[in-house]
Amino acid sequence: MEKVLKFFSAIFALIMAFCGVGQCEIGANVPSEDLTRIMSFNVRYNEWERGKIVPQLIADYYPDSVGVQECEALWFYHMKAYLPQYDIVGVGRLTGTRGGLSGEMSAILYRKDKYKVVDSDTFWLSETPDKVSKGWDGQKNRICTWAVLENLETGERYAHLNAHLDHQGENAKKNGLALVLEKAQSFDMPVVITGDFNFEKGTELYSDFAKAGFSDTQDMAEETMYGKTYHANKGGEDGLPIDFIMVNNEINDVKTYKIIRDQVDGGYISDHYPIFSDMIF
């Protein structure tokens, strides 16, 4: 029954999208046009009561592109309905499609007034990345979605990769991260990596980013913040992040890194804090 309800909720959201109902308005925290704002946001799978709250936060901060994790079909169609300023790429990890039971997406939303997609795809974090699959000792199917975005005015391009690593399997984490980094290194342009990596800053796996030539915008930013990003709907700051925004050496001017600890009606928007970083390519 729960799956049936999820399916019809997604259909309802799709109808809203075609009708243009309840669109989110752009907020007051829009970055200046000389900056590129990248966001990462684990939206926490299906909770219908947060249907407009999550996309409204994205609209409030208006990133150029945002990688969202745990984006099931319900969320996908909510994004389509409430954020007409954006287009979205990604497929579900269970089927490789966008159907009602396709599973979580590691989707990428991008400002369609500013960019077009030159190329994009999704691969599975497994021994068979081109097929729907579960890798190594992982507990779930895990995926990475990527997109090459071209600025409509300048023609400049950057690649955005968005991933969600397994929460238990140590081999799945290590090998999955290796696949993400291998793909990221294949682009000859500015590259950003976002995601929920399920390991903390400073661990051995975290050091693999630097070994592959990627830097943490939290450490690069002129204005930055510290603290945990996963808080299990309990809030708080003490701890280390597991959500990151990484960049290659084509990007070396990072202005801001922020952990968004906003609340709505006394509650948290997700069990992860969204993060964003402003940079100049």
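Predicted model: local features only at pLDDT ≥ 70, side-chain atom pairs only at ≥ 80, totals over all residues.
Residues are numbered from 1 along each chain as its sequence is written, and side-chain values use heavy atoms, with hydrogens and water left out.

**Nonpolar cores**

- A nonpolar core here is a set of buried Ala, Val, Leu, Ile, Met, Phe, Trp, Tyr and Cys residues joined through side-chain atoms within 4.5 Å; buried means under 20% relative accessible area, exposed over 50%, and partly exposed in between (1.4 Å probe, protein chains only).
- The largest core holds 28 residues, and Met79 is among those with the most contacts inside it, along with Met39, Phe41, Ile58, Val68, Leu83 and Leu109.
- The top contributor is α3, with 6 residues.
- There's also a second, separate core of 27 residues, which includes Leu125, Ala163, Leu165 and Leu205.

**Salt bridges across the chain**

- The whole structure has 19 salt bridges, each one a side-chain nitrogen of Lys or Arg within 4 Å of a carboxyl oxygen of Asp or Glu.
- Lys114 pairs with Glu33 at 3.9 Å, N to O.
- That pair links distant parts of the chain, 81 residues apart: Lys114 sits in the loop between β4 (108-111) and β5 (115-124), and Glu33 in the loop between α1 (2-19) and β1 (36-42).
- Lys114 counts as buried because its relative accessibility is 11%, while Glu33, at 56%, counts as exposed.
- Both belong to a salt-bridge network that links Glu33, Asp64, Arg111, Asp113 and Lys114.
- Lys116 and Glu150 form another bridge, at 3.7 Å, N to O.
- Lys116 is in strand β5 and Glu150 in strand β6 (residues 143-151), so this pair ties together parts 34 residues apart in sequence.
- Lys116 is partly exposed at 41%, and Glu150 is buried at 14%.

- Lys211 bridges to Asp208, with their closest N and O atoms 3.7 Å apart.
- Both lie in helix α5 (residues 207-211), 3 residues apart, or about one turn of the helix.
- Lys211 is exposed at 66%, whereas Asp208 is buried at 15%.

Notes
Helix = DSSP H or I, 4+ residues; strand = E, 2+ residues; numbered from the N terminus.
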